[in-house]
Amino acid sequence: MSEKIAQLEPQLLWKNFSMLNAVPRPSKKEERVIEFMMNFGQKLGLEVIKDKIGNVIIKKNATKGLESKETVILQSHLDMVHQKNEVTVFDFDSQGIEMILDGDWVKAKGTTLGADNGIGVAAIMALLESTDIEHPALEAMFTIDEETGMTGAKELEPKNFTGKILLNLDTEDDDELSIGCAGGIDTNTEYSYTQTSIRENFEKYKISIHGLLGGHSGMDIDKGRGNANKLLTRIIYNLAQNEQIQLINFFGGSLRNAIPREANAIIAFHKDNEVSVLENLAEIRDAILLEFIKIEPELKIDWVKSELEEKALENDCMVKILQILHGLHNGVFRMSPEIANLVETSSSLAKVTISKGKFTTQSLQRSSIESGKRDIADTIKCSFEIMGSRVEQVGDYPGWKPDSNSVILRILDKLYQEKFNEKPQIKACHAGLECGILSKHLPLVDMISFGPNIRGAHSPDEKVQISSVQKFWDFLLEVLKRIPEAQIV
């Protein structure tokens, strides 16, 4: 099927996307894709640089007649989110993504597709490889580790760039021009709890939540989607109000920047209470399914007997942990008072593990204003510190403040209206774009972000629209022709 996808139009872009998707490229394990990209540039006879952190820079001279234009930095990230459905058998470390066609969309078989940000990377590769596309001097910036900390952007070496305009190709709606983004910070916690034996005559059951939509914890946080960690906590918390139960373990979520789609836990209760407990479970399940029937039609909550031989949490510890998880803020914290429909501040409980004496969590707080980011981060921190958890806050990165006077914004806004007979949506997004960090390294560079329609990023439902990729490509080519003349200093 990859061969068919490589034949789509624009063929040069899809060919490179297919080649890229054959290379495993998880965040923090980008060695193979770095080598792949360096070999790509070197085979073209272009200047190739690998900086100290592993970002790859490839430079190409302007085509004839455009030598006097400003040099353009084209930027996308090499890594992708690796997530699969629970039933999918797939080894991300050794297998290339298996792509399929579905009408006007390209998808993957039970895994993330890597269109985020592989389509942007492939578009830049196509420009570097082309022999008949007009463009000014190009500085291709391929960063690493965007999805798990933006390490590549943070450690960027500005000396490698002379361009004064940066086109970030990492947004997911083809009618949008992004001019701002949220900053973020990770809050990681750890708490040691007391274990106790499973009580005599207690049955063990595994409760599972699956089938949620998940998605990006910034872009999709305002859509009302279920968080598997919060829903499973709700179930167990409500059970504990009415039944004598023991909690043995809890595993939920996988990625720091994805809304968790699946979670499971094992509880125990006296076998004489089995009917009562299961009736309670069914009642809670039915209430949740009814609440989410319009948003999460594939949501499943089920349970089976378990034979796991493992100790449970001591009751006071169980109560304390359930209270903190159930009471913890998750979702939108504040909407922007300045930009309509923009989430200003949020928090997402991404990962929860309770097992063998350790209770750990990972959550991600975001805000388009620094004070808001600090406030929500402190809110989450205080909640865990009350119970005595060790709290570590890491990966702090800044937002990208919108510039309504941007020259490149005016150019793209006008061009979009000319080509498509409608005004683009000029937006700031509630996600961490690398432009926030890059603008600190390159303060005199005028930046903007755009891309094709991508849906379900960071989940196995990820897909990219073929017709939208063509629209994005045509727009990008015209943008390059309209780059302004370089300023003579």
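F450 is buried, and F475 is buried too; buried here means under 20% relative accessible area, with exposed over 50% and partly exposed in between, using a 1.4 Å probe on protein chains only. Please keep in mind that this is a predicted model, in which local features need pLDDT of at least 70, side-chain atom pairs count only at pLDDT 80 or more, and totals for chains, interfaces and linings use all residues. Residues are numbered from 1 along each chain as its sequence is written, and side-chain values use heavy atoms, leaving out hydrogens and water.

**Aromatic pairs**

A search of the whole structure turns up nine aromatic pairs. Rings of Phe, Tyr and Trp (its six-membered ring) pair if their centres lie within 6.5 Å; planes under 30 degrees apart count as stacked, over 60 as edge-to-face and the rest as tilted. Two of these pairs are set out here.

| Pair | Centre to centre | Angle between planes | Class |
|---|---|---|---|
| F359 and F384 | 6.4 Å | 40° | tilted |
| F450 and F475 | 5.5 Å | 80° | edge-to-face |

F359 sits in strand β18 (residues 358-367) and F384 in helix α9 (residues 370-386), so this pair ties together parts that are 25 residues apart in sequence. Helices (H or I, at least four residues) and strands (E, at least two) are DSSP runs, numbered from the N terminus. Both F359 and F384 are buried.

The other pair also links distant parts of the chain: F450 is in the loop between β21 (446-449) and β22 (454-455), while F475 belongs to helix α12 (residues 466-481).

**Charges over rings**

F420 has K471 over its face, at 4.7 Å from the ring centre. Likewise, K463 lies over the face of W105, at 4.5 Å from the ring centre. A charge counts as over a ring if NZ of Lys or CZ of Arg is within 6 Å of the ring centre and within 35 degrees of the ring normal.

**Around T353**

T353 is part of strand β17 (residues 343-355). Leaving aside residues up to four places away in sequence, T353 touches F250, F251, K358, F359 and T360, where contact means heavy atoms within 4.5 Å. T353 and P443 are 90 residues apart in sequence, and their C-alpha atoms are 41 Å apart in space.

**Helices α3 and α4**

Where do α3 and α4 make contact? F36, M37 and F40 of α3 meet V121, M125, L128 and E129 of α4.
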